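Visitor: I've got a new model to look at and would like a quick tour. Please bring it up and talk me through it.

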Amino acid sequence: MSVVNSMENIVDTALEELLKEDPECCRCEHCMDDMKCLALNALPPKYVSSEKGVLFSKISSAMGQQRSIDIRVACINALEFVKGHPHHPKM
Ligand SMILES: [Zn+2]
């Protein structure tokens, strides 16, 4: 058993979905980390004490529709920001 912020899993999944719809956005390590940080900082953490993997479906079904909209909006904002201000080294 360990304590994890389940919002991380949720944001990972939401960002993956959004990136599928946005082929122009950079997917390098720097940009992925920046997007995840921005989205997580905009959302309340959701700590759970559970085995990894088991918790995700439980949490997502327990979350209300408003919350999932908030998560999507936070991820869209993060993606748009990183697209406009990429921090990766010049390639
Ligand atoms: Zn990048």
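Guide: One term to start with: a residue is buried when its relative accessible area is under 20%, exposed when it is over 50%, and partly exposed in between (1.4 Å probe, protein chains only).

Visitor: How far is D22 from L79 in space?

Guide: Their C-alpha atoms are 9.3 Å apart, although D22 and L79 are separated by 57 residues in sequence.

Visitor: Back up a bit. What sort of model is this?

Guide: A predicted one, where local features need pLDDT of at least 70 and side-chain atom pairs count only at pLDDT 80 or more, while totals for chains, interfaces and linings use all residues. Residues are numbered from 1 along each chain as its sequence is written, and side-chain values use heavy atoms, with hydrogens and water left out.

Visitor: What's the average pLDDT?

Guide: The protein averages 86, and 80% of the residues score at least 70. For reference, pLDDT is the predictor's confidence in each residue, from 0 to 100.

Visitor: Where is confidence lowest, and where is it highest?

Guide: Helix 3 (residues 54–62) has the lowest, with a mean of 56. Helix 2 (residues 29–42) has the highest, at 97.

Visitor: What's the overall secondary structure?

Guide: There are 4 helices and 2 strands, and along the sequence they follow the pattern β-α-α-β-α-α. Helices (H or I, at least four residues) and strands (E, at least two) are DSSP runs, numbered from the N terminus. Of the 91 residues, 32% count as buried.

Visitor: On to the metal. Which residues are the donors of the zinc ion?

Guide: C26, C28 and C31 each give their SG, and H88 gives ND1, at 1.9 to 2.3 Å from the zinc ion. In sequence the donor residues are spaced C-x1-C-x2-C-x56-H. Donors here are N, O and S atoms within 2.8 Å of the metal (3.2 Å for Na, K and Ca); water is not among the atoms, so sites may look incomplete.

Visitor: And what's the arrangement of those donor atoms?

Guide: Tetrahedral, because the 4 donor atoms subtend angles of 99 to 116° around the zinc ion. Four donors get that label if all angles lie between 85 and 135 degrees. The ideal angle for four tetrahedral donors is 109.5 degrees.

Visitor: Are the cysteines C28 and C31 buried or exposed?

Guide: C28 and C31 are both buried. H85 sits in the segment after helix 4, and at 43% relative accessibility H85 counts as partly exposed.

Visitor: Let's do helix 2. Which of its residues are buried?

Guide: C31, M35, A39 and L40. Seen down the axis of helix 2, these buried residues fall within an arc of 160°, so they line one face of the helix. The arc is that of the directions from the helix axis to the C-beta atoms. The face turned away from the buried side carries the exposed residues E29 and N41.

Visitor: What about helix 1, which residues are buried there?

Guide: S6, M7, I10, V11, A14, L15, L18 and L19.

Visitor: Now charges. How many salt bridges are there?

Guide: The count comes to 6. A salt bridge means a side-chain nitrogen of Lys or Arg within 4 Å of a carboxyl oxygen of Asp or Glu. One of them pairs E8 with K36 at 3.3 Å, N to O. E8 lies in helix 1 and K36 in helix 2, so this pair ties together parts that are 28 residues apart in sequence.

Visitor: What does E21 pair with?

Guide: R72, with the closest N and O atoms 3.5 Å apart. E21 is in helix 1 and R72 in helix 4 (residues 65–84), so the pair ties together parts 51 residues apart in sequence. E21 is exposed, with a relative accessible area of 53%, whereas R72 is partly exposed at 39%.

Visitor: Which residues do shared partners join into one network?

Guide: E8, D12 and K36, through salt bridges that share partners.

Visitor: And K20, what does it bridge to?

Guide: E17, with the closest N and O atoms 3.2 Å apart. Being 3 residues apart in helix 1, K20 and E17 are separated by about one helical turn. K20 is exposed at 61% relative accessible area, and E17 is partly exposed at 36%.

How values were computed. Four donors count as tetrahedral if all angles lie between 85 and 135 degrees; four count as square planar and six as octahedral if opposite donors are over 155 degrees apart and all others between 65 and 115; anything else is irregular.
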